[in-house]
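This briefing is intended for a reader who is new to the structure shown below.

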Amino acid sequence: MTTRSSDPAFAKPLPLATQTSAPFWEGLRRGEVCLQRCEACEAWVFHPRSNCPRCLSTKLAWRKVAGTGRLHTFTITRVPTAPFFADEVPQMLAVVELDEGVRIPSTLVGVAEDEIVIGMRVAPVFEPTVGGESVLLRFTKAWAPGPR
Amino acid sequence: MGLAGDAAIVGLADWKPARKYAGAPRFTIEQFAELARLALEDAGLEAAEVDGLVTARIGESSNFVPATVAEYCGFAVNFAELVDLGGANSVGMVWRAAAAIELGLANVVVCAIPGRPTPIRPGSERVLDPRWFYGASSPEYGSPQAEFEIPYGHLAQNAGYAMIANRYAAVHGYDPRAMAKIAVDQRTNACANPDAVFHGQPITVDDVLASKLIADPLHLLEIVMPVHGGHAVVVARRDRKPRWPHRPARVVGCGEHLAIKSPAYAKDLLSTPVGPASELAFRMAGVRRDEIDLACVYDCYTITVLLTLEDAGFCKKGEGLAFVRDHDLTFRGDFPLNTHGGQLSYGQAGGGGGMSQVTEAVRQLRHDAGVRQLRRCDTVYVSGTGGVMSEQSALILRGEA
């Protein structure tokens, strides 16, 4: 009988790249944020797709971007969103709007609770998962002035 | 264009919500059959008259769901639908049934969502299934949520709604006491409803704000109460009988809208799908907002109610907190809302919780709501919300003249 600690179904979930999204995850391993841009309608696209969500074109090209943006919203959890995240409470869950206009669900790191303000500038943090399976894109408060 | 109002809710069944159901577990199809029997009995209709059904997902089959339900209940139908809109299922079921009736496809349509415990396979034990933690989020391979949200801890519902509330606070300001008042007024309603799970347990604004913080800024008492229960309605051609046992609730307007699964990608996090859904419903019904006698607003969280009041047009964007402060939302008040107690205080029987908003609307239209009965109730607004404000639906119901 499997116990909870040995059952992989109860391990912290990891991202599993697909053929479509692989360049995004490969970019993070190099310390780069890469987004798709539609060559037909010039839309920036996130999450990665096979077809542009604005015009359905398949002409999506990968571009390296700065990865900077603004905090769109956040919450600090007092109860884990699932048992797998008990070790991360309080979770600083965030949605970041990159300067290209796309939004990314992520977390804030290296920020005190009382420093978090919606609209603040944020910068990417490339954080390998504990087992080194992947690199996650987290964000922290950016000190450099950015576009307003 | 739109519904003519020829279909009406003529029967209903509510299983009293329970924190823990004391009876024997039954399969979803068994519960569906029993809820159908009760709702048909309430409508004064025979089982043989059923020629349409709408179901949500069931535990006993992952596909061919409508046929599985039809066979089990003994229904031969011309209209069968599986609705997959989460908490918007209830409203989505009712308008689909009404539309099928107006198209001439069916005359008597059963819509049921059971929510009592189901049996487990003999020899196995009830084990904690990690899939339960994901709620509205999909952990399947290839799901954008599995890849880009879940690994960061973005999953289930609490955090998503909390992030919407925080965005609201940053853009329009926030008043935790007004948010708490939404829960308090509904609890007052629940205390006038002997079926509500929190009947006899009044709360204050301070109680809500003193309850455990789950995800800033949402407290425990601002979050829906899961219960065991179940609900069903029968939608029929209103002229099928010259006289019905109860006043029929005509379905005169409906709307539905969805564009995203995850709120992170919403074009505007504070402009929710219930806006366009409600606009369609009001326009179709030819009803003004000030003609609504009762609002049955899907209330998985206080923030859902706040945004629905704004987006459905009961007040302007950004003025919801003032609206809540200025109005008494109880059954005695000037803007009665969720007079049964809402899912916050009546209880949410799984995916069927939203059907309690429909059945309360019908009870009030029938003038059969006991001590919480509104003096005047002819026109009701009902909303449904699935996921994290992803799919939303709206209904306008009108009591038969």
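In this predicted model, strand β1 (residues 33–38) of chain A pairs with strand β2 (residues 44–45) of chain A in the antiparallel sense over two bridges. Strands are DSSP runs of E with at least two residues, helices are runs of H or I with at least four, and both are numbered from the N terminus; two strands pair if DSSP finds at least two bridges between them.

Residues are numbered from 1 along each chain as its sequence is written, with chains lettered from A and ligands numbered from 1 in the order in which they are written. Local features need pLDDT of at least 70 and side-chain atom pairs count only at pLDDT 80 or more, while totals for chains, interfaces and linings use all residues; side-chain values use heavy atoms, leaving out hydrogens and water.

- β1(A) and β2(A) form a hairpin with five residues between them, and in the turn Glu42(A) has a positive phi of about 65 degrees.
- Within this pairing, Trp44(A) in β2(A) stands opposite Arg37(A).
- β1(A) also pairs with strand β3 (residues 60–65) of chain A, in the antiparallel sense over six bridges.
- Trp62(A) in β3(A) is the bridge partner of Gln36(A).

**Burial of β1(A)**

- Six of the six residues of β1(A) are buried, so the strand is largely enclosed by the rest of the structure; buried means under 20% relative accessible area, with a 1.4 Å probe and protein chains only.
- In a regular strand the side chains alternate between the two faces of the sheet.
- Val33(A), Leu35(A) and Arg37(A) point one way, Cys34(A), Gln36(A) and Cys38(A) point the other way, and all are buried.

**Contact between chains B and A**

- The contact (heavy atoms within 4.5 Å) takes 41 residues from chain A and 35 residues from chain B.
- The two chains bury about 3300 Å² between them, 66% of it on carbon and sulfur atoms; this is the accessible area (1.4 Å probe) lost on being put together, summed over both.
- In chain B, the most area is lost to chain A by Glu147(B), Phe148(B) and Tyr152(B), together 22% of what that side buries.
- One salt bridge is counted between the chains, joining the side chains of Asp216(B) and Arg78(A) at 2.9 Å, N to O; the term requires a side-chain nitrogen of Lys or Arg within 4 Å of a carboxyl oxygen of Asp or Glu.
- α5(B) supplies six residues, the largest share of the side of chain B that touches chain A.

Key: Buried < 20%, exposed > 50% of the residue type's maximum accessible area, 1.4 Å probe, protein only.
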